[in-house]
Amino acid sequence: MSIEKGKLITILGKNGIGKSTLLKTLSKVHKPISGEVLLNQTNIKNFSEKKIAKKLSLVLTEKLPESQLTVYEIIALGRQPYTNWIDTLSDIDIEKIETAIKNTEIEHLKNKYFYQLSDGQLQTVLIARALAQDTEIIILDEPTAHLDMHQTLKVFSLLKKLVTKTQKTIIISSHEINLSIQLADQIILLNDQFITSGSAEELTKNNAFDNLFPKNLIKFNKTLQQFVINKS
């Protein structure tokens, strides 16, 4: 399986199928059970932790520890792979932080403490931190897991916009299947029997969505290009 630069990639599948494990394997948090992960034709096992932190940023679902950090300070943490031993921010670091804040449209939040944020605002801040890290690839594990429909759509729309504007590769795991079908450039489907990937159009043509979930509950409607409740 290969992933191209400058695409929004979603990994879909039922609970427990291995979406998070795959993301952690791609980002060198876990060692591969078999096979290998290549980043620009180089096996990621050959990257040091500092070097991979300059290539790939990771946003997991774990809650932030209690602290008095402001939004600006959280985003500034994305510059740690580049700062000196006393963590002094250079002019370039400050520029990257300000650009990340601007691109995620959270200028009005930067002086707030993180515990004052809603779940949707905090997720946007974590995306901004990943942007400030300035890596080729951003990986997010369930970025909309605790968000309502409105905030979920905002996060997906933001990620789509960032891919277009920055040409970064963004890979996410998600349960938002219908949104992924509409917005993702490439979808990776994890199933008990197979793994397949392609555009929504390619996967629809090959009937790849048909066996993603038990058909007695929901089914894939090719005409609507989305999953619907099975009323039959």
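## Helix 4

D93, I97, A100, I101 and N103 of helix 4 are buried (under 20% relative accessible area with a 1.4 Å probe, protein chains only). These buried residues pack against helix 3 (71-76), helix 5 and helix 6 (149-166). Helices here are DSSP runs of H or I with at least four residues, numbered from the N terminus.

Helix 4 contains 13 residues and spans 18 Å from its first C-alpha to its last, close to the expected 18 Å (1.5 Å times one less than the number of residues). Just after helix 4, E105 has a positive phi of about 55°.

## Basis of the model

The model is predicted, with local features requiring pLDDT of at least 70 and side-chain atom pairs pLDDT 80 or more, while totals for chains, interfaces and linings use all residues. Residues are numbered from 1 along each chain, and side-chain values use heavy atoms, without hydrogens and water.

## Helix 4 against helix 5

The axes of helix 4 (residues 91-103) and helix 5 (residues 119-133) come within 8 Å and cross at roughly 140°; axes are lines fitted to C-alpha atoms over the stretch in contact, with angles from 0 to 180 degrees between N-to-C directions.

K96, I97, A100 and N103 in helix 4 meet A128, L131 and A132 in helix 5, contact being heavy atoms within 4.5 Å.

## Q133

Q133 lies in helix 5 and is buried, at a relative accessible area of 13%. Beyond its neighbours within four places in sequence, Q133 contacts A53, L56, S57, G78, R79, P81 and Y82.

Conventions:
Helices (H or I, at least four residues) and strands (E, at least two) are DSSP runs, numbered from the N terminus. Buried means under 20% relative accessible area, exposed over 50%, partly exposed in between (1.4 Å probe, protein chains only).
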